[in-house]
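Please read the following points with the coordinates open beside you.

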Amino acid sequence: MKVQVLGCSGGIGVGEFTTCVRINEDILLDAGTGLGCLTQAELTQLRHVFITHSHLDHVCLLPMLIDNQFELLTSPIHVYGVSPVLESLHQHIFNWKIWPDFTQLPSADAPVMAFTTLTSNEPFELGGVSFTPFDVEHVVPTTGYAIVSEGGRLFVFTSDTTLNEGLIKSLNQMGPIHSLMIECAMPSRMQDLAIASKHMTPTMLKELLLCLGTMPERILISHIKPYYVDEVEAELMSLHLKSELVLLSSGQFFFL
């Protein structure tokens, strides 16, 4: 399984793209501004999009993806998520006011986009890869995804979340994690804001890791707000984690 990080920033700017990860050639995790890094040929290969939550930095290019491929699509692009997430997309974006409802175009019988509702903690298999949504704590309904590769390795993407007992319990129930992609939006001195906005800091990440029965082999840090990158990076390095620590940037890829 090839994992390509198209966007992983908590903001925008030159070289900064918001959350979007490509799995193999045809699957996306979220559809932030990182999606715009793909070529037209690569965009035409996309057929499946797993959404974690409805915030714009995670979904803003999904409407453009469907529009971009409209005349080329002979079957729908499938958009997956738990019910509250898909309902938000339908109500607030694909509502004919912000963007056309592509579940009805060019006709209700043959749309270019189809929503598939997932259930938390129930796996969904696609092309030999298993995707299991699990609930995390953010300011809107949000899921992470536990993804098992064709070779049986576990890649966990938490999306936006804060430290909480539910997250700790979920991660401990998954078994050995090869790669944990987790956010760390702001420095620890801003912990009050992180708690209020339901994000993570290096201090909170350390506390989370200390509560895990088994440390992930690799910890992939995403969603740092651009203004705080250097400060958060210095804090993370000072933790001296036993796992491999990677601060993600757009364009990175790895295999599982």
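1. Just after helix H5, Gly175 takes a positive phi of about 85°; helices (H or I, at least four residues) and strands (E, at least two) are DSSP runs, numbered from the N terminus. This is a predicted model, in which local features need pLDDT of at least 70 and side-chain atom pairs count only at pLDDT 80 or more, whereas totals for chains, interfaces and linings use all residues. Residues are numbered from 1 along each chain as its sequence is written, and side-chain values use heavy atoms, with hydrogens and water left out.

2. At the N-terminal end of H5 the cap is Asn164, a side-chain oxygen of which lies 3.0 Å from the backbone nitrogen of Gly166.

3. Within H5 (residues 165-173), Leu167, Ile168, Ser170 and Leu171 are buried, that is, under 20% relative accessible area, where exposed means over 50% and partly exposed lies in between (1.4 Å probe, protein chains only). They are on the same side of H5 because they cover an arc of only 165° around the axis, the arc being that of the directions from the helix axis to the C-beta atoms. The face turned away from this buried side carries the exposed residues Glu165, Lys169 and Gln173.

4. The buried residues of H5 pack against strand E8 (129-136), strand E10 (154-157), strand E11 (179-183) and helix H7 (202-210), contact meaning heavy atoms within 4.5 Å. Leaving aside residues up to four places away in sequence, Leu171 touches Val156, Ile177, Leu180, Leu208 and Leu212.

5. Leu171 is also among the residues with the most contacts inside the largest nonpolar core, which has 30 residues; such a core is a set of buried Ala, Val, Leu, Ile, Met, Phe, Trp, Tyr and Cys residues joined through side-chain atoms within 4.5 Å. Elements giving two or more residues to this core include strand E12 (218-222) and helix H8 (229-238), while H7 gives the most, with four residues. Apart from this core lies another, of 26 residues, among them Val49, Val79, Leu86 and Phe94.

6. Elsewhere, an open sheet of seven strands has the order E6-E5-E4-E3-E2-E1-E14, with mixed pairing, two strands being paired if DSSP finds at least two bridges between them. Strand E6 (113-118) and strand E14 (253-255) are the edge strands, each pairing on one side only.

7. In this sheet, strand E3 (residues 27-29) and strand E4 (residues 48-50) pair in the parallel sense over three bridges, and Leu29 has Phe50 as its bridge partner in E4.

Methods: Polar contact = N/O pair within 3.5 Å; in protein donor to acceptor, adjacent residues only side chain to side chain.
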